[in-house]
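Here are my notes on the model. Please read them with the structure open.

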Amino acid sequence: APAADFGPCSHLRLAELRRQSLRGASFDGVDMRGALLDGADLRGASMRSAVMAGASARGARLEGAVMVSSSLSHANLSRASLRGADLTMAAGEGASFEAADLSDASLLVATLRRGLWAGADLQRAKLAHADLSHGDFRSADFRGAVLTDASFRSANVEAADFRGAIPFAAHAHRPALATCPRPLPAHCAPLSSASHARRRHRHAPGALGGGGRQSDRHRARHVPARRALTVKL
């Protein structure tokens, strides 16, 4: 049977869709505020620009769902499976992703402030340029995630795992960033290629003068201050 297309519907506000099989269904642009989708099968569903404010999709299957530019204010997706889902440019405050599986998901340029992400699996997720400020990320798993220029301002990252994450700036013209009050482990903060080049220059045989020590004047002129992590705070 062909997948359901809810696009022509004016809205699905407060719709009762719990545990329904909606695999591959289209909800593009649909107003789904307050809808109940707990335990529903939404694998591969298209939810572009869907308005899901206050909706509940606890434990729902959303693997590979396309939720680009969706509105998720106070939506509850706790314990949902969003492996490989596309939440690029998704927006909203107070959404819950507690204990959700977002491995390999894309949240590029998403604006999801004050979210609840405790225990979430974000392994290999793409979070570049996302605004995740004021979120609760306790015990979240960011291993292998791409965090370039993501903002975690005032977020709680206690016991979060950042091993293998990529948090350094990709562009030299980015503004200076604050230093994280909970620094990531040293092995999670690789230097940019430019920093590596500067380090090689400082230790090259010809880079040292007079007795093997570099003069203060030379150091001040040629060694810029080390750039902070790109995780914005």
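**Notes on the aromatic cluster and core**

1. F97, W117, F137, F142, F152 and F162 form one aromatic cluster. Rings of Phe, Tyr and Trp (its six-membered ring) pair if their centres lie within 6.5 Å; planes under 30 degrees apart count as stacked, over 60 as edge-to-face and the rest as tilted. By this rule there are 8 aromatic pairs.

2. This is a predicted model: local features need pLDDT of at least 70, side-chain atom pairs count only at pLDDT 80 or more, and totals for chains, interfaces and linings use all residues. Residues are numbered from 1 along each chain as its sequence is written, and side-chain values use heavy atoms, with hydrogens and water left out.

3. Take F142 and F152. Their ring centres are 5.6 Å apart and the planes sit at 80°, so the pair is edge-to-face. Both residues lie in the segment before α1 (193–203), so the pair ties together parts that are 10 residues apart in sequence. Helices (H or I, at least four residues) are DSSP runs, numbered from the N terminus.

4. F142 is buried, at 0% relative accessible area. F152 is buried too, at 2%. Buried means under 20% relative accessible area (1.4 Å probe, protein chains only).

5. The largest nonpolar core has 58 residues. Such a core is a set of buried Ala, Val, Leu, Ile, Met, Phe, Trp, Tyr and Cys residues joined through side-chain atoms within 4.5 Å. L82, F97 and F142 have the most contacts inside it.

6. What does F97 touch, leaving aside its neighbours within four places in sequence? Its contacts (heavy atoms within 4.5 Å) include L72, L82, L112, W117 and A120.

Terms used. Buried means under 20% relative accessible area, exposed over 50%, partly exposed in between (1.4 Å probe, protein chains only). Helices (H or I, at least four residues) and strands (E, at least two) are DSSP runs, numbered from the N terminus.
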